[in-house]
Amino acid sequence: MAVPDSLIVTRLRTAGCVFAEDEARLLTDAARTAAELDAMVDQRAAGLPLEQVLGWAEFCGLRITVAPGVFVPRRRTEFLVRQAAAVLARGDTLPPGDTPDPDGPRPPREARPGAVIVDLCCGAGAIGAALAAAVDRAEVHAADIDPAAVRCARQNLPGGHVHQGDLYEPLPASLRGRVAVLAANVPYVPTGEIGFLPPEARAHEPRPALDGGPDGLDVLRRVAAGAPGWLAPGGHLLIETSERQAPRAEAAVTASGLAARVTCSSDLDVAVVIGRRLS
Ligand SMILES: C[S@@+](CC[C@H](N)C(=O)[O-])C[C@H]1O[C@@H](n2cnc3c(N)ncnc32)[C@H](O)[C@@H]1O
């Protein structure tokens, strides 16, 4: 790693970057020319998220391509990925053509190959990319309404299928009843709280990526309502939310007919509602 110029560090620190030294190092490593470095430091000092300046975000050990104007994958979402990988590893979701195990839950094993995984509201496709890396020969589909996000997701999921449109609408009908894991990090900030987000998010991430409606659960409710039609028997829906919103999010998943539970990470201040299609 290059030693950052102290002027760059000072410039970033003055602009309010708390980790100015680390950021200066990353920018210095990423820039191919002095002019490019100048331009990148300017963008960062003007408030663009570091990841959008670099062009990538670290997520589950992967470098996820992120373009300006696309939601930056958050490290807390790695918790959802871990839950999804655990569900797949338990083997209680059945790939197409498999028959249910009459003796109940299966023993722990590596995530099963061939599972159909859908990353809904995929943004740059970080969740789908992380699960594709974790599951051998998974059939990964991802979808988002935002064309810029879809372009990123196509780069991050070279072996996957990325669709553009409103929630389930662009998914191939052939996936109905076949999905082992349906993972979704939907917008879940209540409209009235958007103003309290850090300026980086407010100014440089698209409003539809953040705004979840009056109580933050509008999109989550639509995803929950549609999930049973796409999940395989035994398949799981996993949706990220906040610990505060989790009881209402769980109720929405239960109302859709899935058996729901909530798992939280207080360290990351995040919750995941897990719904299972029983039959
Ligand atoms: C909070 S961001 C999460 C992105 C990605 N899942 C991640 O964790 O990095 C929510 C995403 O949902 C997408 N979105 C919002 N409403 C949508 C809709 N009705 N249909 C499909 N995607 C939608 C936004 O474009 C945005 O990319």
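Visitor: Where does Asp-211 lie?
Guide: Asp-211 lies in the loop between helix H9 (207–210) and H10. Keep in mind that this is a predicted model.

Visitor: Buried or exposed, that Asp-211?
Guide: Asp-211 counts as buried, because its relative accessibility is 19% and the cut-off for buried is under 20%.

Visitor: What does the side chain of Asp-211 make a polar contact with?
Guide: One partner is the side chain of Thr-191, at 2.7 Å. The Asp-211 side chain also reaches the backbone nitrogen of Gly-213, at 2.9 Å.

Visitor: Switching to the ligand. How many residues surround it?
Guide: There are 18 residues around the ligand. The closest are Cys-121, Asp-144, Asp-166, Leu-167 and Asn-185.

Visitor: And by class, what does the shell look like?
Guide: The shell around the ligand has 10 nonpolar residues, 4 polar ones and 4 charged ones.

Visitor: Which ligand atom does the polar side-chain atom of Asp-144 lie 2.7 Å from?
Guide: An oxygen atom of the ligand.

Visitor: What about Ile-145, which of its atoms lies 3.2 Å from the ligand?
Guide: A backbone N or O atom of Ile-145. The ligand atom in that pair is a nitrogen.

Visitor: And Leu-167, what is 2.9 Å from its polar backbone atom?
Guide: A nitrogen atom of the ligand.

Visitor: How much of the ligand does the protein bury?
Guide: Taken alone, the ligand exposes 600 Å². The protein buries 95% of that.

Visitor: Back to Leu-167. Where is it found?
Guide: Leu-167 is found in the loop between S5 and S6. Its relative accessibility is 10%, so Leu-167 counts as buried.

Visitor: What is phi of Leu-167?
Guide: Phi of Leu-167 is near 40°. That is a positive value in a residue other than glycine.

Visitor: What about phi of Cys-60?
Guide: Phi of Cys-60 is positive too, about 50°, and Cys-60 is not a glycine.

Visitor: Where does Cys-60 lie?
Guide: Cys-60 lies in the loop between strand S1 (56–59) and strand S2 (62–65). Cys-60 is partly exposed, with a relative accessible area of 31%.

Visitor: Which side chain reaches the backbone nitrogen of Cys-60?
Guide: The side chain of Glu-78 does, at 2.7 Å. Glu-78 is found in helix H5 (residues 78–90). Glu-78 is buried, with a relative accessible area of 12%.

Visitor: How many Å apart in space are Cys-60 and Ala-126?
Guide: They are 8.5 Å apart, C-alpha to C-alpha. In sequence, Cys-60 and Ala-126 are 66 residues apart.

Visitor: Which strand does Glu-58 lie in?
Guide: Glu-58 lies in strand S1. At 42% relative accessibility, Glu-58 counts as partly exposed.

Visitor: New topic, rings. What does the aromatic pair count come to?
Guide: The count comes to 1 aromatic pair. Tyr-168 and Trp-230 form that pair, and it is stacked. The centres are 5.8 Å apart, with 10° between the planes.

Visitor: Which parts does that pair tie together?
Guide: Tyr-168 lies in the loop between strand S5 (161–164) and strand S6 (179–184). Trp-230 lies in the loop between helix H10 (218–226) and strand S7 (231–241), so the pair ties together parts that are 62 residues apart in sequence.

Visitor: Tyr-168 and Trp-230, buried or exposed?
Guide: Tyr-168 is buried, and so is Trp-230.

Visitor: Which residue lies over the face of Trp-230?
Guide: Arg-176, at 4.3 Å from the ring centre. Elsewhere, Arg-63 lies over the face of Trp-56, at 3.7 Å from the ring centre.

Visitor: Last one. What is the place of Gly-195?
Guide: Gly-195 is in the loop between S6 and helix H8 (199–204). Gly-195 is exposed, with a relative accessible area of 52%.

Visitor: What separation do the C-alpha atoms of Gly-195 and Ala-20 have?
Guide: They are separated by 25 Å. Along the chain, Gly-195 and Ala-20 are 175 residues apart.

Technical notes. Residues numbered from 1 in each chain as written. Predicted model: local features only at pLDDT ≥ 70, side-chain atom pairs only at ≥ 80, totals over all residues. Heavy atoms only, no water. Near = heavy atom within 4 Å. Polar contact = N/O pair within 3.5 Å; in protein donor to acceptor, adjacent residues only side chain to side chain. Areas by Shrake-Rupley, 256 points an atom, 1.4 Å probe, with all protein chains shown as cover. Nonpolar A, V, L, I, M, F, W, Y, C, P; charged D, E, K, R; others polar. Phe/Tyr/Trp six-rings, centres within 6.5 Å; stacked < 30°, edge-to-face > 60°. Helix = DSSP H or I, 4+ residues; strand = E, 2+ residues; numbered from the N terminus. Buried < 20%, exposed > 50% of the residue type's maximum accessible area, 1.4 Å probe, protein only. Lys NZ or Arg CZ within 6 Å of the ring centre and 35° of its normal.
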